[in-house]
Amino acid sequence: MARALSLARRGLYTTDPNPRVGCVLVNADRIVGEGWHQRAGEGHAEVLALAAAGSQARNATAYITLEPCCHHGRTPPCTQALLAAGIRRVVSAMQDPNPQVAGQGLAELRAAGVQTECGILEQEARQLNPGFIMRMTQRRPFVRCKQAMSLDGRTAMASGESQWITGEAARLDVQHWRARAAAVMTGVGTILADDPALTVRLAGESLRQPLRVILDPELATPPFARTLKLDGQVLIFTAVTAADRRAPLEATGAQLVTAPRQGLGLELRAVLSELARREINELHLECGAILAGAMLQAGLIDELLIYLAPILLGDDALGLFHLPELRRMSERIPLQIIDVRAIGRDWRFTARPVSGVVELEL
């Protein structure tokens, strides 16, 4: 199963909206076939492993990181392929959270006489697909928020200048997190202040570009913004419905989606629901303190990537999250630190809000 998980990780940047899945076939204590899902619409891990094994798949054991599918999607059901190949035993790391499967795949195999087991290295398998699990169970993407700050907890100078707080190694690390996400989201304030491209820039790697999402209640994004000049994969959520105000941005190729207002901003849960409808599994959030604070207060941040730079920016510099004043220690927001590591001259803290994604036991 550990080998199957290793194979599944090869699809980290490419499988969306499908989960990352690996499969290893073993016959007479020997690996006879391996496969991993690469792209939606292409063969699933089981089908590729069966093709590699050929006739040696008969009476073999299949180790699969996710319960085999039993429904027709972009490809035929894997349960039928396993049965047709004569697989004797199926060991699954975890049950598929997709309601169209959710235990039915293993049940179909058992009904056909195949031995089944489930729960081997389950936590490792769940960690591989937090976005797919979240979308299937909560109907929203898994939200990972990236922030960079100084040692005194500041993210930008009072003027808004923020390039660069972290070093080159940390900025390259961020590119890999962007690459594994299906979408990168920011607020219009960041567009106006920094004019970011929001793209993946990894030399020598052929990767799909994530969807770029801008939250812009009043439609203040300029048509000449850098991210609009690229490939048209831009989604702008706004409360503005006037066609004449939307037309200049739509002319750039961006797609505009009307979202309900909430206070001075947009209803964030409605935004995430729409992204889930568009099959976004993991959402990478890079934004300013206002949007980050609103997402945190709404309980919509599942994981934090905080890059800590060995610099000081002073009292007037901007903070990490815009939050209401917390007067008592009982009002503090607890985090669970799950990883700390050096990235070049900086440190990267990975944390999760205690009341958030922990419920999914990722």
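How much space lies in the largest cavity? About 50 Å³. By cavity I mean a set of points, on a 1 Å grid over the protein atoms alone, where a 1.4 Å probe fits but cannot get out. The grid points are joined across faces, edges and corners, and the volume is the space filled by probe spheres set on those points.

Before I go on, this is a predicted model, where local features need pLDDT of at least 70, side-chain atom pairs count only at pLDDT 80 or more, and totals for chains, interfaces and linings use all residues. Residues are numbered from 1 along each chain as its sequence is written, and side-chain values use heavy atoms, with hydrogens and water left out.

Okay, back to the cavity. The structure holds one of 30 Å³ or more. Its lining residues, meaning those with an atom within 4 Å of a point, include Thr15, Asp16, Leu128, Phe132 and Glu282. By class, the lining has three nonpolar, five polar and three charged residues. Here Ala, Val, Leu, Ile, Met, Phe, Trp, Tyr, Cys and Pro count as nonpolar, Asp, Glu, Lys and Arg as charged, and the others, Gly among them, as polar.

Now the sheets. Strands are DSSP runs of E, at least two residues, and helices are runs of H or I, at least four, both numbered from the N terminus. Two strands pair if DSSP finds at least two bridges between them.

Five strands make an open, mixed sheet in the order 2-1-3-4-5. Strands 2 (30–36) and 5 (115–118) are at the edges with a single partner strand each, so one side of each has no neighbour in the sheet. Strand 4 (residues 89–92) pairs with strand 5 in the parallel sense, over four bridges. One example is arginine 89, whose bridge partner in strand 5 is glutamine 115.

Let's look at strand 3 (residues 61–64), where threonine 61 lies. Is threonine 61 buried or exposed? Threonine 61 counts as buried because its relative accessibility is 4%; the cut-off for buried is under 20%, using a 1.4 Å probe and protein chains only. Among the residues threonine 61 touches are Val24, Arg89 and Val91, not counting residues up to four places away in sequence. Touching means heavy atoms within 4.5 Å.

There's also an open, mixed sheet of nine strands, ordered 11-10-9-8-14-6-15-18-17. In that one, strand 8 (residues 183–187) and strand 14 (residues 282–286) run parallel, joined by three bridges. Valine 184 stands opposite histidine 284 in strand 14.

Terms used: Buried means under 20% relative accessible area, exposed over 50%, partly exposed in between (1.4 Å probe, protein chains only). On a 1 Å grid over the protein atoms alone, a cavity is a set of points where a 1.4 Å probe fits but cannot get out, and a pocket is an open set with protein on both sides within 12 Å along at least five of seven lines; lining residues have an atom within 4 Å of a point.
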